[in-house]
Amino acid sequence: MDLPPMLERIVMSCLARDPARRPRTAIETAVGLQSVLESLRTEELYAWPKGLRVTLP
């Protein structure tokens, strides 16, 4: 199964050897995942737990 390119970029950035190339925070990763879910029009899945209030920097 092929991953959507956006999702592959997020996963590969999380696995980067160089820490400077990895997402700085879990929120940064979740924002990227939410973008992937929205682009796939997947309404059943969410990157955020229900009721979580997130303030982006």
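Start by selecting both helices: H1 passes H2 in a left-handed crossing, a term that applies if the near helix is turned anticlockwise from the far one by less than a right angle, clockwise being right-handed. This is a predicted model, in which local features need pLDDT of at least 70 and side-chain atom pairs count only at pLDDT 80 or more, while totals for chains, interfaces and linings use all residues. Residues are numbered from 1 along each chain as its sequence is written, and side-chain values use heavy atoms, with hydrogens and water left out.

Helices here are DSSP runs of H or I with at least four residues, strands are E runs of at least two, and both are numbered from the N terminus; the protein has two helices and zero strands.

Next, select residues 5-14 for H1 and 26-39 for H2, which pack at an angle of about 165° with their axes 9 Å apart. H1 is therefore roughly antiparallel to H2, the word used for angles over 145 degrees.

Now show the side chains where the helices meet, with contact meaning heavy atoms within 4.5 Å: Met6, Leu7, Ile10 and Cys14 in H1 meet Thr29, Gly32, Leu33, Ser35, Val36 and Ser39 in H2. By class, this contact holds six nonpolar, four polar and no charged residues.

Staying on H2, colour Thr29, Ala30, Gly32, Gln34, Val36 and Leu37, which are buried, that is, under 20% relative accessible area with a 1.4 Å probe and protein chains only. H1 is included in what covers the buried residues of H2.

Methods: Axes fitted to C-alpha atoms, helices over the stretch in contact; angles between N-to-C directions. Parallel < 35°, antiparallel > 145°, perpendicular 65-115°, else oblique. Nonpolar A, V, L, I, M, F, W, Y, C, P; charged D, E, K, R; others polar. Buried < 20%, exposed > 50% of the residue type's maximum accessible area, 1.4 Å probe, protein only.
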